[in-house]
Amino acid sequence: PLPELLRTLAQNHSERTGTEVGFAARSRGAAELSAAVKTCVFRVAQEGLTNAWRHGGGVGQEVELEIFGDRLSLWVRDRGPGFPPEVEAAEDGGMGLQGLKDRVESLGGHIERRNRSGGGAELRMTLDLGGVE
């Protein structure tokens, strides 16, 4: 199941980088997920954690998954310095983020990045599972 894949990803990232990674997953009435959806969510979490470690100093890293019915949301957060103004304002946000955006949009989803009000960065992916085969 997807939550177990993400929990393992967070644990492996933590062991590899020597940083703590929080993980939370909630679901209710979730449908079976396709391989394409699982792969997409995994890649977003993987790239998000890599960026949180590389650019955010590995401070306050978190992965959160929520699946309620046909709605899937994934957050990857950190408590680092946040996105620099030029990245926050850029349309694509760099090659890695552009690749994620393309992957998520190919499934009809949406991905956004923002600086958190309390400090740090957040990557959020949303997907309507009812529209994905």
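**Reading a predicted fold, one feature at a time**

The protein has 4 helices and 5 strands; here helices (H or I, at least four residues) and strands (E, at least two) are DSSP runs, numbered from the N terminus. This is a predicted model, where local features need pLDDT of at least 70, side-chain atom pairs count only at pLDDT 80 or more, and totals for chains, interfaces and linings use all residues. Residues are numbered from 1 along each chain as its sequence is written, and side-chain values use heavy atoms, with hydrogens and water left out.

Visitor: In what order do the elements of the protein run from the N terminus on?

Guide: The order is α-β-α-β-β-α-α-β-β. The radius of gyration is 14 Å, close to the 14 Å from the globule rule for 133 residues, so the protein is as compact as a globular protein of that length. That radius is taken over C-alpha atoms, and the rule is 2.2 Å times the number of residues to the power 0.38. Along the principal axes, the C-alpha atoms fill a box of roughly 35 × 30 × 25 Å.

Visitor: How should I read strand pairing, and which strands pair with β5?

Guide: Two strands pair if DSSP finds at least two bridges between them. Strand β3 (residues 71–77) pairs with β5 in the antiparallel sense over 7 bridges, and W75 has R124 in β5 as its bridge partner. Strand β4 (residues 110–115) also pairs with β5 in the antiparallel sense, over 6 bridges. There, N115 is bridged to A121 of β5. In the hairpin of β4 and β5, 5 residues lie between the strands, and G119 takes a positive phi near 105 degrees.

Visitor: Why is β5 said to be largely enclosed by the rest of the structure?

Guide: Start with the term: buried means under 20% relative accessible area, exposed over 50%, and partly exposed in between (1.4 Å probe, protein chains only). In β5 (residues 121–128), 6 of the 8 residues are buried, so the strand is largely enclosed by the rest of the structure. As background, side chains in a regular strand alternate between the two faces of the sheet. Across the protein, buried residues make up 42% of the 133 residues.

Visitor: Is T17 buried or exposed?

Guide: T17 is in helix α1 (residues 2–17), and it counts as buried because its relative accessibility is 18%. T17 and G131 are 114 residues apart in sequence and 36 Å apart in space, C-alpha to C-alpha.

Visitor: What share of the contacts links residues 24 or more positions apart?

Guide: A contact means heavy atoms within 4.5 Å. Of the contacts with a separation of 6 or more, 65% are between residues 24 or more positions apart.
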